[in-house]
Amino acid sequence: MSGSVTVIGLGPGDPRYLTPAASAALDAAQDLIGYFPYVARVPERPDLVRHASDNRVEIDRARHALELAAAGRRVAVVSGGDPGVFAMAAAVFEALEAGDPAWRTLAITVEPGITAMLAAAARVGAPLGGDFCAISLSDNLKPWEVITARLNAVFAADLVVALYNPISRARPWQLGAALGLAAEHRAPDTPVILARAVGRPDEAIRILSLAEARDASADMATLVMVGASATRLIPRDGGTPFVYTPRSVAR
């Protein structure tokens, strides 16, 4: 098969954060597939066919990409942030595993991007300087009971935790529930970062205590980062404090 699929991370929003390799892959594509807002971030050109779709049809998008590539097209599948972090790369490989065995001969590559937790961390200092993990609060693809079990485990392990997909219209309560679990393991003054739309014109970053964050507003464009017990604030006169987590752990 002469076609190809490249799964591309567009980064957090600012075009400066798009890698040169990702930009080159977009320039080489004949077909562009992705969620409406991400497709809209790619400049139009006459020889690029755009296939935008809703956010709950990831596997359908992935199959479509593989079908187009099997027909000889050069296909770019786009995600915000990094395509391997709660995004389209896993969907493409899931569709590949379950689909036409001939698809496995296709050239399939993944171009990484800057994911939201890295962009948010860079804005405030170095909160991911120690051990950390990322968990999606969306229960569209896994039960809430699984999410709570994982949250309890990582909070008990004293990791910094980046929470993706914290709130939607269908589940406005889950972030509060997650922070309630955090409060069972962390002190009330634990730093919590709420980073919304990092790298876009409407960017907004708040640094709150865990006690304050439990009543804070957020949406699907917000990345929430809960500090570990060692995470620290460095106050600055007239400026937002720096947040960092030391790399060392006391024996």
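## Sheet, cores and pocket

Five of the five residues of β11 are buried, so this strand is largely enclosed by the rest of the structure. Buried means under 20% relative accessible area, exposed over 50% and partly exposed in between, with a 1.4 Å probe and protein chains only. Helices (H or I, at least four residues) and strands (E, at least two) are DSSP runs numbered from the N terminus. The model is predicted: local features need pLDDT of at least 70, side-chain atom pairs count only at pLDDT 80 or more, and totals for chains, interfaces and linings use all residues. Residues are numbered from 1 along each chain as its sequence is written, and side-chain values use heavy atoms, with hydrogens and water left out.

From β11, the residues T222, V224 and V226 point one way, while L223 and M225 point the other way; all are buried. In a regular strand the side chains alternate between the two faces of the sheet.

The strand belongs to an open sheet of five strands with mixed pairing, in the order β7-β8-β11-β9-β10. Two strands pair if DSSP finds at least two bridges between them. At the edges are β7 (132–136) and β10 (204–209), each of which pairs on one side only. From one strand to the next the twist averages 20 degrees; axes are lines fitted to C-alpha atoms, for helices over the stretch in contact, and angles run from 0 to 180 degrees between N-to-C directions. The table gives two pairings of β11.

| Strand paired with β11 | Sense | Bridges | Residues opposite each other |
|---|---|---|---|
| β8 | antiparallel | three bridges | L163 and V224 |

Helix α5 (residues 116–124) touches β7, β8, β9 (191–196), β10 and β11, and its direction makes about 65 degrees with that of β11. Contact means heavy atoms within 4.5 Å. The buried residues of α5 are M117, A119, A120, A121 and V124. Helix α6 (residues 144–156) lies across β7, β8 and β11 and runs at about 165 degrees to β7.

A nonpolar core is a set of buried Ala, Val, Leu, Ile, Met, Phe, Trp, Tyr and Cys residues joined through side-chain atoms within 4.5 Å. The largest has 25 residues, and L137, L151, L163 and L175 have the most contacts inside it. Two or more residues of this core come from each of β7, α6, β8, α7 (174–183), β9, α8 (210–213) and β11. Beyond its neighbours within four places in sequence, L137 is in contact with residues including W144, L151, L163 and L175. A second, separate core has 18 residues, among them A62, L68, V75 and L106.

The largest pocket has a volume of about 1,700 Å³. A pocket is an open set of points on a 1 Å grid over the protein atoms alone, where a 1.4 Å probe fits, with protein on both sides within 12 Å along at least five of seven lines; lining residues have an atom within 4 Å of a point. Grid points are joined across faces, edges and corners, and the volume is the space filled by probe spheres set on the points. Of its 50 lining residues, Y38, E58, F86, N165 and M220 are the closest to the centre of the largest pocket. The largest share of the lining, four residues, comes from α4.
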